[in-house]
Amino acid sequence: MSPHKARKRFGQHFLADEGVVEAIVRAVAPKAGESVVEIGPGLSALTEPLLQLLKHLTVVEIDRDLAARLRREYPADRLTVVEDDVLRVDFAEFGDRLRIVGNLPYNISSPLLFHLVPYADGVVDQHFMLQREVIDRMVAKPSSSDYGRLSVMLQSRYRMVKLFDVQPEAFDPPPRVVSAVVRMTPLPEDRLKPVSFKVFEQVVAKSFAQRRKMLRRGLADWAHAIDWAGLGIPETARAEELSVAQFVALADSLQARGMVAG
Ligand code: SAM
């Protein structure tokens, strides 16, 4: 097949290191009958070894040339190629008990992670290669410089483990940054949940909008309605010092006091 020229606008960096491919597939450990969806299959670095273990695989690829190549390469009863922007894809259509895998285009990593949150109930796990800096923020603990909106929003919905780093030389062309692989497992039904996820999102976003300020200043017009002592949050706290559970309590109390609509 003719060589493919990597397209920058689609964040194309193809995995060229067999050792890294094997490590990712080993981490996913797919079993024959499972429903697996791969995001951004590209030139099949992960697609091929996944298909060796699975009966069927679904892939979502935005690049028309790569999608056509995949359709030529694999029979339709083994590989379903969805040619679309993954941010527009309704993952509910793939059924439930989904396992999602991908060496993701880094330019859309945050929007994609948030796009997948509403489908978490139907997901078994997600294994993603991302910029290491993004994964560090996803798994960061309170009172660390990486802890922020991404950490709180995703940790409220998933258990996340950073698995290993991947150096730029593992890709062709190499990206400018170090990458890493993360495993995200949706938390069970009995997890701590905000009354309204929408309110929780708003409160977390506003809290971190001015992360260096004390929360009571950052939350400005909402601050007077907060029973700091009742919530066990010091009045001098900054957003980065609050645990996920404290953000849930804060959001619920602001909603109960009618400050934020659900
Ligand atoms: N999985 C391949 C590998 O490991 O070599 C390719 C990884 S490359 C970093 C990202 C892939 O995602 C490319 O194939 C790119 O065309 C595709 N892609 C980029 N943006 C996308 C989008 N919005 N929706 C679906 N696929 C996308």
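A: The account below starts with the aromatic rings, goes on to the charged side chains, and ends with the ligand and some backbone details.

The model is a predicted one, and everything said here describes that prediction.

Take the rings first. A pair of aromatic rings is described by two quantities, the distance of the centres and the angle of the planes. Rings pair if their centres lie within 6.5 Å, and by this rule there are five aromatic pairs. One of them is made by Phe91 and Tyr119, with centres 5.8 Å apart and planes at 45°. Planes under 30 degrees apart would count as stacked and planes over 60 as edge-to-face, so an angle of 45° makes this pair tilted. The two residues come from distant parts of the chain, 28 residues apart. Phe91 is in the loop between strand 4 (79-83) and strand 5 (98-103), while Tyr119 is in the loop between helix 4 (109-116) and strand 6 (123-131). The relative accessibility of Phe91 is 1%; buried means under 20%, so Phe91 counts as buried. Phe91 and Tyr119 also belong to one aromatic cluster together with Phe94.

The charged end of Lys206 sits over the ring of Trp222, at 4.3 Å from the ring centre. In the case of Arg9, the charged end sits over the ring of Phe10, 4.6 Å from its centre.

The whole structure has 18 salt bridges. In one of them, Asp121 is paired with Arg157, and the closest N and O atoms are 2.8 Å apart. Asp121 lies in the loop between helix 4 and strand 6, and Arg157 lies in the loop between helix 6 (149-155) and strand 7 (158-166), so the bridge ties together parts that are 36 residues apart in sequence. Arg157 has a relative accessible area of 7%, and is buried.

Another salt bridge joins Arg212 and Glu240, at 3.6 Å from N to O. Arg212 counts as exposed at 58% relative accessibility, whereas Glu240 is buried at 9%. Arg212 and Glu240 are part of one network with Arg211, Arg238 and Glu241, joined by salt bridges that share partners.

The salt bridge of Asp165 with Lys162 has its closest N and O atoms 3.5 Å apart. Asp165 has a relative accessibility of 33% and counts as partly exposed; Lys162, at 32%, counts as partly exposed too.

A polar side-chain atom of Glu61 is 2.5 Å from a ligand oxygen atom. Leu15 contributes a polar backbone atom, 2.7 Å from an oxygen atom of the ligand, and a polar backbone atom of Gly42 is 3.3 Å from a ligand oxygen. Of the 600 Å² of accessible area that the ligand has on its own, the protein covers 98%.

A few backbone details complete the account. Most residues other than glycine have a negative phi, and most peptide bonds are trans. Arg97 is not a glycine, yet it has a positive phi of about 50°. Arg97 lies in the loop between strand 4 and strand 5, and is exposed at 61% relative accessibility. Ala29 likewise has a positive phi, of about 45°. The peptide bond from Asp172 to Pro173 is cis, with omega near -10°.

Notes. Residues are numbered from 1 along each chain as its sequence is written. This is a predicted model: local features need pLDDT of at least 70, side-chain atom pairs count only at pLDDT 80 or more; totals for chains, interfaces and linings use all residues. Side-chain values use heavy atoms; hydrogens and water are left out. Rings of Phe, Tyr and Trp (its six-membered ring) pair if their centres lie within 6.5 Å; planes under 30 degrees apart count as stacked, over 60 as edge-to-face and the rest as tilted. Helices (H or I, at least four residues) and strands (E, at least two) are DSSP runs, numbered from the N terminus. Buried means under 20% relative accessible area, exposed over 50%, partly exposed in between (1.4 Å probe, protein chains only). A charge sits over a ring if NZ of Lys or CZ of Arg is within 6 Å of the ring centre and within 35 degrees of the ring normal. A polar contact is a pair of N or O atoms within 3.5 Å; within protein, one must be able to donate a hydrogen and the other to accept it, and residues adjacent in sequence count only if both atoms are side-chain atoms. Accessible areas come from the Shrake-Rupley method with a 1.4 Å probe; for residues, only the protein chains shown count as cover. A salt bridge is a side-chain nitrogen of Lys or Arg within 4 Å of a carboxyl oxygen of Asp or Glu.
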